Amino acid sequence: MIQNLLFDLKDIGNIFSGLLEQFGFMNGTWQNYVMLLISFVLFYLAIVKKFEPLLLLPIAFGMFIVNIPGAYNVLWGTYPEGAAHIYENVENRGLLWYLFFGVEKVIYPPLIFLGIGAMTDFGPLIANPKSMFIGAAAQLGIFLALFLAILLGFDLAAACSIAIIGGADGPTAIYVTQTMSQYTNEDLLSAIAIAAYSYMALIPIIQKPLMRLIVPKKERAIKMQQLRKVSKLEKIVFPILVTLVVGLLLPDAMPLLGMLMLGNLLKESGVTDRLSTQAQNGLMNTVTIFLGVCVGSKAYGGVFLSLSTLKIIALGLLAFVFGTVGGLLMGRLMCKLSKGKINPLIGSAGVSAVPMAARISEDVGRETDPSNHLLMHAMGPNVAGVIGSAIAAGFLISLF
């Protein structure tokens, strides 16, 4: 009787011991808790500061749930080799494993570009084609970061992935990184995506001091003439023509640029309002949620917290800064060539962050002269930057 009782007590003890081991806090590491703190910072930036909340909030939540101790294997599945970036040979596949398929096969970024195209008005760029030079100059940060990344010991594929942060375009950064992942052994997606979206969210903090430093007050006060009215025919021909020209020269840019121009054609044609509305709203919002959560969930403490991540964040900042500087310097050059008809502040909008970068040009211009309105003029370089970043992505991919 006593012996049976002892066995029962031993079994009960084993049960409670097993339950205790299942508690998340028993399996946590210091890296998990650091990442949880970082996710709280991103929550603050998204909710309180309203910095790119539509993307930053899902990314923060993905980072949050995957770093809750014990949740990783439930959300992703069990990886026999224990590496988060291995897509095949997964046991007990979790929800995120299936959602990540759209990132793994680079499906989500082109769909995001489809929605962006449906929301974009290329009229300011068509009315002032010289804006394309500013958009091209703002890609300076990409190629500078590419060179620096190679100097710091990254292989060419990883360097290309890091460099694209300078385009200030999250979907483009994800697209290039995931495409390049087959050529490198490093898992860079979470670091690059979070750096890209974080710097996009911090555009006001990064760009305004640079604009005041590089552009003299006299030039910041320049008022630009109202843009001409663009015809419907021009707006319909533009996406078709751009797709044809870029496609003939750089086919690797087509997945992003093609979807961007398709979305714009749906909008401007006037005969596919239902498709345009769906691309702008339902499809765009759904894909944004999936993309954000998947990217954030790749920021697992054991993988994310490394010296390589710190290098990527630093290089991403330099790429973004020099992209802004490149646009501003081109703006100043065009100001000189036009004999003071172009306000150089619109050069900062040459990065791809639409429409926040254009709004910053407007804000800094109005600080100098409250009656100065640069928003529509800045939208030209801004949408040119979207096209420029897609072309730059195609160029980097074409290297392989």
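Me: What span does helix α10 reach, and what is expected?

Reply: This is a predicted model, so local features need pLDDT of at least 70 and side-chain atom pairs count only at pLDDT 80 or more, while totals for chains, interfaces and linings use all residues. Residues are numbered from 1 along each chain as its sequence is written, and side-chain values use heavy atoms, with hydrogens and water left out. Helices are DSSP runs of H or I with at least four residues, numbered from the N terminus. The expected span is 1.5 Å times one less than the number of residues. Helix α10 covers residues 140-151, twelve residues, and its first and last C-alpha atoms are 17 Å apart, close to the 16 Å expected.

Me: Which residues of α10 are buried?

Reply: Start with the general idea: an α-helix has 3.6 residues a turn, so residues three or four places apart point the same way. Buried means under 20% relative accessible area, exposed over 50%, and partly exposed in between (1.4 Å probe, protein chains only). In α10 the buried ones are Gly-141, Ile-142, Ala-145, Leu-146 and Ala-149. They sit on the same side of α10 because they cover an arc of only 140 degrees around the axis, taken from the directions from the helix axis to the C-beta atoms.

Me: And which residues are exposed on the other side?

Reply: Phe-147 and Leu-151 are exposed there. As for the buried residues, their cover includes α11 (156-163), α20 (307-337) and α22 (375-398). Just after α10, look at Gly-153, which takes a positive phi of about 100 degrees.

Me: How many salt bridges are there?

Reply: Side chains of opposite charge can pair when their charged atoms come close. The rule here is a side-chain nitrogen of Lys or Arg within 4 Å of a carboxyl oxygen of Asp or Glu, and the count comes to seven. One of them joins Glu-367 and Arg-212, at 3.2 Å from N to O. Glu-367 is in helix α21 (residues 356-368) and Arg-212 in helix α14 (residues 203-214), so this pair ties together parts that are 155 residues apart in sequence. Glu-367 counts as partly exposed at 45% relative accessibility, and Arg-212 does too at 39%.

Me: Which residues are linked in a network of salt bridges?

Reply: Glu-219, Arg-332 and Lys-336. Within it, Arg-332 and Glu-219 have their closest N and O atoms 3.0 Å apart. Arg-332 belongs to helix α20 and Glu-219 to helix α15 (residues 217-220), so the pair ties together parts 113 residues apart in sequence. Glu-219 counts as buried at 8% relative accessibility, whereas Arg-332 is partly exposed at 23%.

Me: Which residues touch the most other members of the largest nonpolar core?

Reply: A nonpolar core is a set of buried Ala, Val, Leu, Ile, Met, Phe, Trp, Tyr and Cys residues joined through side-chain atoms within 4.5 Å. The largest has 119 residues, and Phe-122 and Leu-260 touch the most other members.

Me: How many aromatic pairs does the structure hold?

Reply: Rings of Phe, Tyr and Trp (its six-membered ring) pair if their centres lie within 6.5 Å; planes under 30 degrees apart are stacked, over 60 edge-to-face, and the rest tilted. There are eleven pairs. Phe-122 and Phe-238 form a tilted one, 5.1 Å centre to centre with 40 degrees between the planes, and both residues are buried.

How values were computed. Helix = DSSP H or I, 4+ residues; strand = E, 2+ residues; numbered from the N terminus. Contact = heavy atoms within 4.5 Å.
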